[in-house]
Amino acid sequence: MVVQKPWLPVYLRLPAGPQASLGILAFEAAAAMSKLLSLHRSLSDQEVSRLRSDAMRSPGVVYLNSTDQAFLLRLACAELVVSLDAAAAAVARLGLRCGIDFGGVYACLKAGAPDASLDPLVAKGFRVKAKKMERLVAATARLCSEMEALDELESAERKMSVRGWSRLSGPIPQHPQAAAAAAAAAAAQQQQQQLAGDSPGAESLLQELKTQQLKVKRLKEESLWNQSYKKAVGLMARAACAVFVRICSIFGPFVPGLPPPLPSATTDSVQTRLSKLLHPRSGKAKASSGPITRRDGPSRVHPPMTSNSCPIIGRPPPGQQKSPSNWRKLLDAPPSTVGGAGLDQQYANVIVSAEELLRMEAEGRQEEASAERAEMYEMLPAKLRAAVRSKLREWWRDPGQLDEALARGWKDAVDRIMAWLGPMARDTVQWQAERNMDRRRRFDGAPRVYALQTLLWADKDKAEAAIVEVLVALSCICWYEERRRGSVRLG
């Protein structure tokens, strides 16, 4: 009786053990390593200062998202912890193959509980070997692209071989002597083709294939492909712990739920700057563009640069602050926000299209601008489309005197709104692109955009009002330009 072996997934049938090479799992390790590098760079002094002075105090974030700096810090911290959890989970999966229980070590570190398994990491120091990790990730990324090129060359070589054999096929001879003679002739022809090349490009293809195979072999030696599980997991485990310690050092005094930082972290200067962030200096509010009235051009409402506008989610009293038990749940946007309604990507595309339309109008590309305007209005939800039509109908009842000064007022109003709305839309598009699992961004270790910089947490009513004003002003500007060129005649 034959006993069939149970089917196992591929990753369970790969070689395991501390000294075994990663092999095909090098790409998963490189993706986790690049995510750790991205988090490490996002927590540098320069990036933390940029978060404090630029992102959290940008006019669009202040007006649409929140002025509560403590709340914004919690959002940034939660996003970093969730991203680190995903990278640590990948490291833990690889660690199980070489007998390293990194999942338990990481859980103890997050809980702030003393554990003997943390002692070796603490003794060696929580350090991120960024240069070595960058070199390994870059080599693995090149290996991925070169292996794809090798697959294409091997596929072309197989097709050429199939075409060569097809020319040798023919009717089967009736007599054995004739069959033997045909087989000898076919063998001679095949040998001649192998020596001389099947076509003028066959020899160059084989040479290119050989060169590509050597290149892939060299990159396997330099990349994570030939690295042992023990070395790769140890490198990423120390980096993950170092990143978490850095998060605790920076955000711990301001975000409940984080364990106290270990003594090895030196971030006093960052904590001092964040302390000042929670007690900003009072300043005068700056006026900004707002709704366009029916006849008198843009008025100055919507103050996105004020430091005292009402936040969407207020800061709770000190006695009511609770430690977040689920960091991912903290990132769920409420229904009153653009992200909670699932419209952040759609609204961002509309705003980016409006920016492109303004650029086309300024450059005089009228036909492209008309097509872009039609496509932009097609992207609008029914509610926004109805609001724009209602505003335009209200304007057309009594347009008043249309002159260059009024058109310039519209243009200035759009520029003021887009100055703070445009960056949030571009950050939203980038934030969404960074979370797509495409091959181009899989090994990207650059700092990433925070969700607090995007339209995800934007107040839905305020964002829609700003978009409507922009679209109405754009329609009036385009109409004025067409009238000025003589394409529209008033009776």
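**Helices, salt bridges and a charged patch**

Leu75 is found in helix α5. Helices here are DSSP runs of H or I with at least four residues, strands are E runs of at least two, and both are numbered from the N terminus. This is a predicted model, in which local features need pLDDT of at least 70, side-chain atom pairs count only at pLDDT 80 or more, and totals for chains, interfaces and linings use all residues. Residues are numbered from 1 along each chain as its sequence is written, and side-chain values use heavy atoms, with hydrogens and water left out.

Is Leu75 buried or exposed? Its relative accessibility is 3%, so Leu75 counts as buried. Buried means under 20% relative accessible area, exposed means over 50%, and partly exposed lies in between (1.4 Å probe, protein chains only). Leu75 also pairs up across the sequence: Leu452 is 377 residues away along the chain, yet the two C-alpha atoms are 6.8 Å apart.

Helix α5 spans residues 69–96 and also carries Arg93. Arg93 forms a salt bridge with Glu28, with 3.2 Å between the closest N and O atoms. A salt bridge is a side-chain nitrogen of Lys or Arg within 4 Å of a carboxyl oxygen of Asp or Glu. By this rule the count comes to 15 salt bridges.

Next comes helix α3, residues 45–55. Its buried residues are Glu47, Val48, Leu51, Arg52 and Ala55. Seen down the helix axis, they fall within an arc of 140°, so they line one face of α3. The arc is that of the directions from the helix axis to the C-beta atoms. An α-helix has 3.6 residues a turn, so residues three or four places apart point the same way.

Which residue forms a salt bridge with Asp45? The partner is Arg246, at 2.8 Å from N to O. Asp45 lies in α3 and Arg246 in helix α11 (residues 229–251), so the bridge ties together parts that are 201 residues apart in sequence. Arg246 is buried, with a relative accessible area of 18%. Asp45 is partly exposed, at 40%.

Glu222 and Arg218 both lie in α10 (residues 202–222), four residues apart, about one turn of the helix. Their closest N and O atoms are 3.3 Å apart. Glu222 is partly exposed at 38% relative accessibility, and Arg218 is partly exposed at 44%. Elsewhere, Glu79, Glu434 and Arg435 are linked in a network of salt bridges.

Now look at the loop between α7 (119–124) and α8, where Val128 is found. Val128 counts as buried, with 18% relative accessibility. Its C-alpha atom is 9.0 Å from that of Cys241, 113 residues apart along the chain.

Finally, the surface charge. Lys129, Lys132, Arg135 and Lys231 form a positive surface patch. Patches are made of residues with over 30% relative accessible area and no salt bridge; like charges are joined within 9 Å, and nonpolar side chains (Val, Leu, Ile, Met, Phe, Trp, Tyr) within 5 Å. Lys and Arg count as positive, Asp and Glu as negative; His and the chain ends are not counted. Lys132 lies in helix α8 (residues 130–168). At 35% relative accessibility, Lys132 is partly exposed.

How values were computed. Accessible areas come from the Shrake-Rupley method with a 1.4 Å probe; for residues, only the protein chains shown count as cover. The place of a charge is taken as NZ of Lys, CZ of Arg, CG of Asp or CD of Glu.
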